[in-house]
Amino acid sequence: MTVKENMVVSVNYILSNHKTGEKIEETNPEQPMVFLYGVGSLIPEFEENLLGKTEGDLFDFSITSEMAYGTSSEEDIAVIPIDVFHDEQGNFDTAYFTVGKLIPMSDGQGNQLRGKIKEVTTEFIKMDFSHPLAGVDLHFKGSIAEVRPATQDEIDHGHAHGPGGHHH
Ligand SMILES: [Zn+2]
């Protein structure tokens, strides 16, 4: 079977930074990444590169940051008053809030997001809320573990079920 729309695809891959070669993420061969092809759940260019491949096929390609998670922009930078980070006693933990650290935050709608600390002053913390992989050219190398037709349920739900997929 070949990778195309309405197929559930399992892949193993190593994701690395295309420029530096630094490894970012690697799937466990026993738990490949499983996804429903063609519903836009992944980076479009990632899916395009797998189109027509079959079980056992290898892949090795890169995606520029513009086509992946975009670039970090000024809109993603927020300046947050320091009191927000005070604990219940009104203390500020200088050892915890250090430049470069990722801090779990939530926005006004209660969505969880992570901010990366860019600057800490006595008045504020400047955080970057862009995707951690913004500005990074991605390199994917791996193989197709399995391709199977999606069930009608999976197509209706827009995601894969079973191992590696949604359980509900
Ligand atoms: Zn479902």
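Strands S1 and S3 run antiparallel and are joined by four bridges; here two strands count as paired if DSSP finds at least two bridges between them, and strands (E, at least two residues) are DSSP runs numbered from the N terminus. This is a predicted model, in which local features need pLDDT of at least 70 and side-chain atom pairs count only at pLDDT 80 or more, while totals for chains, interfaces and linings use all residues. Residues are numbered from 1 along each chain as its sequence is written.

Strand S1 also has other partners. Within S3, Met-33 is the bridge partner of Val-11. With S9, S1 pairs in the antiparallel sense over 11 bridges, and Met-7 stands opposite Pro-149 of that strand. Three bridges join S1 to strand S2 (residues 23-26), again antiparallel, with Leu-15 facing Glu-25. S1 and S2 form a hairpin with five residues between them, and Gly-21 in the turn has a positive phi of about 80 degrees.

A positive phi, of about 65 degrees, is also found at Asn-6, although this residue is not a glycine. Asn-6 lies in the segment before strand S1 (7-17). It is partly exposed, with 14 other C-beta atoms within 10 Å; on this scale a residue is buried at 20 or more such atoms, exposed at 12 or fewer, and partly exposed in between, with C-beta atoms placed from the backbone.

The largest nonpolar core has 19 residues, and those with the most contacts inside it are Val-3, Met-7, Val-8 and Val-9. Such a core is a set of buried Ala, Val, Leu, Ile, Met, Phe, Trp, Tyr and Cys residues joined through C-beta atoms within 7 Å. S1, strand S3 (33-36) and strand S9 (138-149) each give two or more residues to this core, and the largest share, five residues, comes from S1. Leaving aside neighbours within four places in sequence, Met-7 is in contact (C-beta atoms within 7 Å) with Met-1, Tyr-37, Val-147, Arg-148, Pro-149 and Ala-150.

A further four strands form an open antiparallel sheet in the order S5-S8-S7-S6. Strands S5 (77-81) and S6 (102-106) stand at the edges, each with a single partner strand, so one side of each is left without a neighbour in the sheet. Strands S7 (residues 112-120) and S8 (residues 124-128) pair over four bridges in the antiparallel sense, and Ile-117 stands opposite Met-127 in S8.

The chain is divided into domain 1 (7-69 + 134-157) and domain 2 (74-128), with bounds from an automatic or database domain assignment. Taken over C-alpha atoms, the centres of domain 1 and domain 2 are separated by 33 Å.

Terms used:
Two residues are in contact if their C-beta atoms, placed from the backbone, lie within 7 Å.
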